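Here's a quick briefing to read with the model open beside you.

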Amino acid sequence: MDVPLRTNCIFFLACFCGLGFGNPNRCDEVRKVFQLRQIGPNQLLPLSPRIGSDLQVCMSRNQTCCTKKMEEKYQVAARRDIQNLLQTSSSSLKFLISRNVAAFQETFEVLMRQAENYTNAVLQDSYGNMADQAMGSVRELFTDISLFLLGSELNVDELVQRFFDALFPLVYNHLINPGLSDISPGYAECVRTSSRDVRPFGGTPGLLADQIARSGVSGKLLLQALHLGIEVINTTDHLQLSRECRRALLKMHYCPHCQGLTQSKPCMGYCLNVMRGCLASMAEIDNHWREFVRSLEGLSARMHGPQDLEQVLLGVHTLLHDAVGHAQKNGPRLSAQVHKLCGPPSRRPAQSDSNQHSSNREFIPFKAPVRVSGESLALKRRDFLNSLRFYRTYYGGLADQLCVSELASGDGHSCWNGTDIVKSYTLRVVGNGIKAQAANPEVKVKGADPVINQIIDKLKHINQLLQGKSIPKLGTLDQIETGSGDAEGRYSGDCDDEDGCGGSGGGEVKRKVQRVTKLSPDVTSDRNHHHHPHHYSPAEASEIGGRSRSLGLTGSISLLILPCLHMLLAL
């Protein structure tokens, strides 16, 4: 070989060593990010760029910094990242509902205690010695009402009637047919059992039972609906992603890393196609979630008068006062009826006055109740619904909002299109929902997720209840299976070697969210996707463009230097 030719070959070799993956530092950045994000052990990375013929998703005509094992780890990381984003984006909505469930339950308990105190106070103020003996029955009444409101399947007519049955012997003994001593336990039991025949309190027991049932059903339904709202969020937070979706997320998030593009972001249109495809089933919840919010508002608007729980509970003492007054007014008739059914009164031996009617308990002085707690409950309900209204379009715009706020590159900046760094994404951008995905160029959607279909059925059911519609007997919401815990493997071929489902990678999916998103809850599903999330600085854009160009030159330069290497080795 002559000197000029040898010199030229050496020159080409020197040039190649300074370009593309010929520089061993080109994979160092990939290694740093791989380690920083805790994707997997650094031993999985190649020492230098290699031909990626074994890769299944991150395939490229250029040399790559990825191995098949790295690709599997990247897929697990991509799935974990999206699930963390979903949980973070819904955290404020979930907290809003959970906090108000607790607040409503606490307010119900406060109302119960107030109503019980008012009832005891009216007995003490108006009927003195009878109040002590009635306290147990009053406590039992409000305990039963509380259990009913919290979901127990109690018969309201029965629990109210049981209270008035227990009250009648006391009214008879102290107000209708008083004596020097109390009636005997046996006679008191006969008076109690006669209550339903002689009806000493008129229509008051039925009226109170009706009011508790009406207002209680509204209160129970409100809590039941809010618990379902939390279940919807929990279900979508842990959505099982299809195999096609997981591959698309890998390609969008981490395939650029294989080419050394660790700082690249997906183009907006590309991101929208991937996320709308992955969250297509979730977008189907949108209409039913909007109706859920509207139905809660309708229920709240109806919670007044007979359906106003505060008014009913804090009015029990008034009805009780009227009921006892009715019995006193009809005392002679009631006494005769009891005498006919139970015979003449049988009384205990006389006791000293100090023991007979002593009371060491302190009572709240009877006065008209102050509706502080009632107003507080109504105010909390109004404030909650005002806040929830901002989330009515949450599911319809979730995919778009994640791309805008978190994932995609800004307009006018170089971005990743799934293959290379480009100025803009040129393929068609599809809409939200299952039907729109038929034309999705990035993600193949096979159909609706059965777990999502189940939660939609539950929303339909609760919406009918909230709207007061007559519905077929479907059982309680608790009897409908959630199916949210065993959806893994629902899609055919969901779990294979490339998914990282086995081994040590599976546990990484449950890693805690460590950052807070700036997700806005009120995003419409048809909003324009030309937004302004994070922009690259000129230096970053230049670096990304330079990396892309250097990788593209690698193949061409290799063709030029191969003859030189052959000639040098022949010397």
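Which side chain meets that of Glu-72 in a salt bridge? The partner is Lys-68, at 2.9 Å from N to O; a salt bridge here is a side-chain nitrogen of Lys or Arg within 4 Å of a carboxyl oxygen of Asp or Glu.

Before going on, some ground rules. This is a predicted model, in which local features need pLDDT of at least 70 and side-chain atom pairs count only at pLDDT 80 or more, while totals for chains, interfaces and linings use all residues. Residues are numbered from 1 along each chain as its sequence is written, and side-chain values use heavy atoms, leaving out hydrogens and water.

**Overall picture**

- The protein has 20 helices and two strands; these are DSSP runs numbered from the N terminus, with helices being H or I of at least four residues and strands E of at least two.
- Of the 571 residues, 47% are buried, where buried means under 20% relative accessible area, exposed means over 50%, and partly exposed is in between (1.4 Å probe, protein chains only).
- Take the contacts between residues at least 6 apart in sequence: 83% of them join residues at least 24 apart. Contact means heavy atoms within 4.5 Å.

**Salt bridges**

- Side chains of opposite charge can pair when their charged atoms come close.
- The count comes to 17 salt bridges.
- Back to the opening pair: Glu-72 and Lys-68 both sit in helix H3, four residues apart, about one turn of the helix.
- Glu-72 counts as buried because its relative accessibility is 11%, whereas Lys-68, at 24%, counts as partly exposed.
- Lys-69 joins Lys-68 and Glu-72 in a network of salt bridges.
- Asp-81 and Arg-80 also pair up, at 3.7 Å from N to O. Arg-80 is buried, with a relative accessible area of 2%, and Asp-81 is partly exposed at 21%.
- In helix H7 (residues 204-237), Asp-210 and Arg-214 lie four residues apart, about one turn of the helix, and their side chains form a salt bridge of 3.1 Å.
- Both ends of that pair are partly exposed: Asp-210 at 36% relative accessibility and Arg-214 at 44%.

**Disulfides**

- Seven disulfides turn up in a search of the whole structure, each being a pair of cysteine sulfur atoms within 2.5 Å.
- One of them joins Cys-66 to Cys-258, with the sulfur atoms 1.9 Å apart. This pair ties together distant parts of the chain, 192 residues apart: Cys-66 is in the loop between helix H2 (28-36) and H3, and Cys-258 is in helix H9 (residues 255-258).
- The torsion about that S-S bond is about -90 degrees, so the disulfide of Cys-66 and Cys-258 is left-handed.
- Cys-267 and Cys-415 have their sulfur atoms 2.0 Å apart in another disulfide, and this link is right-handed, with 90 degrees about the S-S bond. The two are 148 residues apart, Cys-267 in the loop between H9 and H10 and Cys-415 in strand E1 (residues 415-416).
- Cys-271 and Cys-403 are joined as well, at 2.1 Å from S to S. This pair connects helix H10 with helix H18 across 132 residues.
- Cys-271 is buried at 0% relative accessible area, and Cys-403 is buried at 0% too.

- Helix H18 (residues 398-407) is mostly covered, with eight of its 10 residues buried.
- Its cover includes helices H3 (68-127), H8 (243-253), H10 (268-278) and H11 (280-283).
- Leu-407, in helix H18, is buried with a relative accessible area of 9%.
- Beyond four places in sequence, Met-275 is in contact with residues including Ala-399, Leu-402, Cys-403 and Leu-407.
- Met-275 is also among the residues touching the most other members of the largest nonpolar core, which has 134 residues. H3 gives the most to this core, with 20 residues.
- A nonpolar core is a set of buried Ala, Val, Leu, Ile, Met, Phe, Trp, Tyr and Cys residues joined through side-chain atoms within 4.5 Å.
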